[in-house]
Each structure stands twice: as structure tokens, then as C-alpha cells.
Amino acid sequence: MKHPSSREFFAYWDAKRGDARAPDRSEIEPGAVRELLGDIFVLNYDNDAGYPFRVAGTRVCALLGRDLKDTSFSALFTPDSRREIEDIVSYVAEEMLAAIAGITATSDDGTTAHLELLLLPFNNRAHAPISLTGVLAPFEGDLGTIRDFKVTSWRYLHRPQKLVPRALRKLAIARGFMVYEGLR
């Protein structure tokens, strides 16, 4: 993660989830991330509606020049990037893995804007709509309104696995090769 807003929100989200794969939506307290709220959004997990915004921060709305409530998230992307972002959102929500993406967009004056997109899942609860949160933060200041988002890079953020020393047992020696079996 390159943007400070992404790093800070991920650290908060990571602390809230503890040993779980993701925190409950009710565990995220807006007051604790007050200075980041302008870059934060929440999406409904509704593929047919294009993952509409439930809520979007003021900075995100200002970047797009309108209120984003109930607006399709995937419609912000160009047709050649739309399927890719829909796959990323689906994987984040269903597998409960965080994702980070580099995004480019076009500003009103035709210049290219560079943004960082962080997508974080909420814990899925029975009989409750699935949603996810994230940060959309520009690297440049004073962009005006932007459009035509394109995914330039992305990766999933896996929780580091604790490495446990493996006990090895010698099984056999066959023509100069030694075979070991790992024990659990």
C-alpha cells in the first residue's frame, strides 16, 4: 500500500478483525477513523446492480462530482476494466480477503489521475446483506472531477501465516537419495 489513508484504514480494520477473517460491520467506528472518512465508502454486494454505494465520503463524492449513494461502483470503470473490478469485488466479499488496486482516471482537463483503491470485506452474517468497505484515495491534489477509471494493478492481501518449525522424520535411503516426511 502506497497511500497513507489506505495504510491507516487497513491497520484499523486489521486490528478490529483480530483472529477473524474480517470484522463485523458494527465493529467499525467512524469516530476512530474520523480523518479518513472523506476517502472511505461502503458498497452493497449486489452484482446485478453493479455493487451500489451505500455511503461514500465527501472527498470520494467530490472527485466524481456527485453524491454516490445507490450509484453503481462498477459503472465508474471503463468497459475493458469493468469485468476485472467486478471479479475483484466478488472475491473480496465471498472469500473475505482484502485487495489493493492501482487505478488511473481521466480528469476534466484530460490529464491522467492516479488513485489507490483498497477493498476490505465485512464478516458475513446470516440473513444480513453482504457489504464491503474501502478507501479511494488520489495521489495528486486538486484533480477536479474524474471519470473513466481503469485498473492498472491489483493484488490480494493475505494474512501472514505463522511459520511452525516442521518435525522431519527420515523415511528411507534409496540409491543416494534421502526421503523425509513432514509431520504436522
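Q: Which pLDDT values are needed here for local features and for side-chain atom pairs?
A: Residues are numbered from 1 along each chain as its sequence is written, and side-chain values use heavy atoms, with hydrogens and water left out. This is a predicted model in which totals for chains, interfaces and linings use all residues, while local features need pLDDT of at least 70 and side-chain atom pairs count only at pLDDT 80 or more.

Q: Is R17 buried or exposed?
A: Let's start in helix 1, residues 4-17, where R17 lies; helices (H or I, at least four residues) and strands (E, at least two) are DSSP runs, numbered from the N terminus. Buried means under 20% relative accessible area, exposed over 50%, and partly exposed in between, with a 1.4 Å probe and protein chains only. R17 has a relative accessibility of 11%, so R17 counts as buried.

Q: Which residue does the side chain of R17 meet in a salt bridge?
A: A salt bridge is a side-chain nitrogen of Lys or Arg within 4 Å of a carboxyl oxygen of Asp or Glu. In general, an α-helix has 3.6 residues a turn, so residues three or four places apart point the same way. With 2.7 Å from N to O, the residue that R17 meets is D14.

Q: Which residue forms a salt bridge with E29?
A: The closest N and O atoms of this salt bridge are 3.7 Å apart, and they belong to E29 and K16. The pair links distant parts of the chain, 13 residues apart, with E29 in the loop between helix 1 and strand 1 (40-44) and K16 in helix 1. E29 counts as partly exposed because its relative accessibility is 44%.

Q: How many residues does D24 lie from R125 in sequence?
A: D24 is found in the loop between helix 1 and strand 1. Leaving aside neighbours within four places in sequence, D24 is in contact (heavy atoms within 4.5 Å) with F122, N123 and R125. The C-alpha atoms of D24 and R125 are 8.2 Å apart in space, while their separation in sequence is 101 residues.

Q: How far apart are the end C-alpha atoms of helix 3?
A: Helix 3 covers residues 79-95, which is 17 residues. The expected span of a helix is 1.5 Å times one less than its number of residues, so helix 3 should span 24 Å. The model agrees with this, as the end C-alpha atoms are apart by 25 Å.

Q: Which strands do the buried residues of helix 3 pack against?
A: The buried residues in helix 3 are S81, I85, E86, I88, V89, S90, V92 and A93. Their packing partners are strand 3 (98-107), strand 4 (112-121), strand 5 (131-138) and strand 6 (146-157).

Q: Which residues are linked with R83 in a network of salt bridges?
A: R83 counts as exposed because its relative accessibility is 54%, whereas E86 is buried at 15%. The side chains of these two meet in a salt bridge of 3.8 Å, N to O. The network that includes R83 also holds E86 and D87.

Q: Which strand gives the largest share of the lining of the largest pocket?
A: A pocket is found on a 1 Å grid over the protein atoms alone, as an open set of points where a 1.4 Å probe fits, with protein on both sides within 12 Å along at least five of seven lines; lining residues have an atom within 4 Å of a point. Here 15 residues line the largest pocket, and K2, A101, G102, E116 and S153 lie nearest its centre. Strand 3, strand 4 and strand 6 each supply at least two residues of the lining. The largest share, 5 residues, comes from strand 3.

Q: What is the relative accessibility of H3?
A: H3 sits in the segment before helix 1. Beyond its neighbours within four places in sequence, H3 is in contact with E116, A137, P138 and F139. H3 counts as buried, because its relative accessibility is 9%.
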